[in-house]
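This report is meant to be read with the sequence and the coordinates open side by side. Please keep both in view while working through the sections.

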Amino acid sequence: MKRLLLLAVLLTGCQTLVDKPAEVPFRDCYVEITDPQAHAFVREALTLLTEKYAGPRQPVETVHLRTARRNGLGRAYRIAENFSKTEVIGPGEVVIYIAVPPGDNEFYPMLGHECGHLLDPTIEGDWEMEGFCMIFSEEICERTGHSWAAWQRRYPRRSSDPYAKAYWKAKEAERHRGTEDK
Ligand SMILES: [Zn+2]
């Protein structure tokens with residue numbers, strides 16, 4: 001139960017990072033994700049963004065992946081953990097932080113969501129974009145054979161969670177577009 005409560009607090013989506021020593025890059029303070037499957041998933045997501053959604057709107061050349069858990073260096077600083085975020089660090093260079101490590105059943109839904117932000121990482125705090133990232137996550141997980149069941153349970157139809165609302169609104173909009181196309 002304690003674990004469930006903790007997860008409920010931790011897994012609520014993109015959050016803002018707290019202060020850090022300016023000369024130390026965030027990405028150096030967190031555990032690197034080396035899992036080749038995770039990197040292949042990101043490449044698939046970029047392909048889908050390109051082929052179906054005419055993105056990314058700014059070229060994305062390098063995507064660094066981190067679990068949002070502090071590494072040896074990071075533990076020296078007062079910095080946040082367990083968040084998910086997509087951060088542009090230079091031209092064509094992005095860091096994606098995921099709240100949970102690969103192997104967790106929410107890892108790929110979370111990574112799929114953050115990959116959705118690669119469409120245009122400059123757009124922040126926009127619920128339409130969050131909705132897009134939710135349906136994009138579901139789509140890319142389906143395509144790559146990763147279960148989205150954990151998020152189906154987390155974001156049910158009548159949930160008051162803003163991510164659930166954004167998800168269902170985007171799904172509805174997509175359905176309407178599908179009807180118009182016919
Ligand atoms: Zn998001």
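What follows describes the fold, the sheet, the helices and a few backbone details.

The model is predicted, so local features are given only where pLDDT is at least 70 and side-chain atom pairs count only at pLDDT 80 or more, whereas totals for chains, interfaces and linings use all residues. Residues are numbered from 1 along each chain as its sequence is written.

**Overall fold**

The secondary structure of the protein chain comes to six helices and four strands, where helices (H or I, at least four residues) and strands (E, at least two) are DSSP runs numbered from the N terminus. Along the sequence these elements follow the pattern α-β-α-β-β-β-α-α-α-α. Of the 182 residues in the protein chain, 31% are buried; a residue is called buried if 20 or more other C-beta atoms lie within 10 Å of its own, exposed if 12 or fewer do, and partly exposed in between, with C-beta atoms placed from the backbone. Two residues are in contact if their C-beta atoms, placed from the backbone, lie within 7 Å, and among contacts between residues at least 6 apart in sequence, 70% join residues at least 24 apart.

**The sheet**

Which order do the strands take in the sheet? The four strands form an open sheet in the order E1-E2-E4-E3, and the pairing is mixed; two strands are said to pair if DSSP finds at least two bridges between them. Strand E1 (30-32) and E3 stand at the edges with a single partner strand each, so one side of each has no neighbour in the sheet. Neighbouring strands of this sheet are turned by 35 degrees against each other on average, direction ignored. Strand E4 (residues 93-98) has five of its six residues buried, so it is largely enclosed by the rest of the structure.

**Helix H3**

Helix H3 (residues 107-117) lies across E3 and E4 and runs at about 150 degrees to E4; axes are lines fitted to C-alpha atoms, for helices over the stretch in contact, and angles run from 0 to 180 degrees between N-to-C directions. H3 is mostly covered, with 11 of its 11 residues buried, including Phe107, Met110, Leu111, His113, Cys115 and His117. The buried residues of H3 pack against H2, E3, E4, H4 and helix H5 (149-154).

**Packing of H2 with H4**

Two packed helices are described by the angle between their axes and the distance between the axes. Helix H2 (residues 36-53) and helix H4 (residues 127-144) pack at an angle of about 120 degrees, with their axes 10 Å apart. That angle makes H2 oblique to H4, given that angles under 35 degrees count as roughly parallel, over 145 as roughly antiparallel, 65 to 115 as roughly perpendicular and the rest as oblique. At the contact, Phe41, Glu44, Ala45 and Leu48 in H2 meet Ile140, Arg143 and Thr144 in H4. The residues of this contact divide into four nonpolar, one polar and two charged, where Ala, Val, Leu, Ile, Met, Phe, Trp, Tyr, Cys and Pro count as nonpolar, Asp, Glu, Lys and Arg as charged, and the others, Gly among them, as polar.

**Backbone details in the loops**

The loop between H2 and E2 contains proline 56, which is joined to glycine 55 by a cis peptide bond with omega of about -20 degrees. Alanine 54 is found in the loop between H2 and E2 and has a positive phi of about 55 degrees although it is not a glycine. With 9 C-beta neighbours inside 10 Å, alanine 54 counts as exposed.

Asparagine 82, in the loop between E2 and E3, also has a positive phi in a residue other than glycine, near 60 degrees. Asparagine 82 is partly exposed, with 17 other C-beta atoms within 10 Å.
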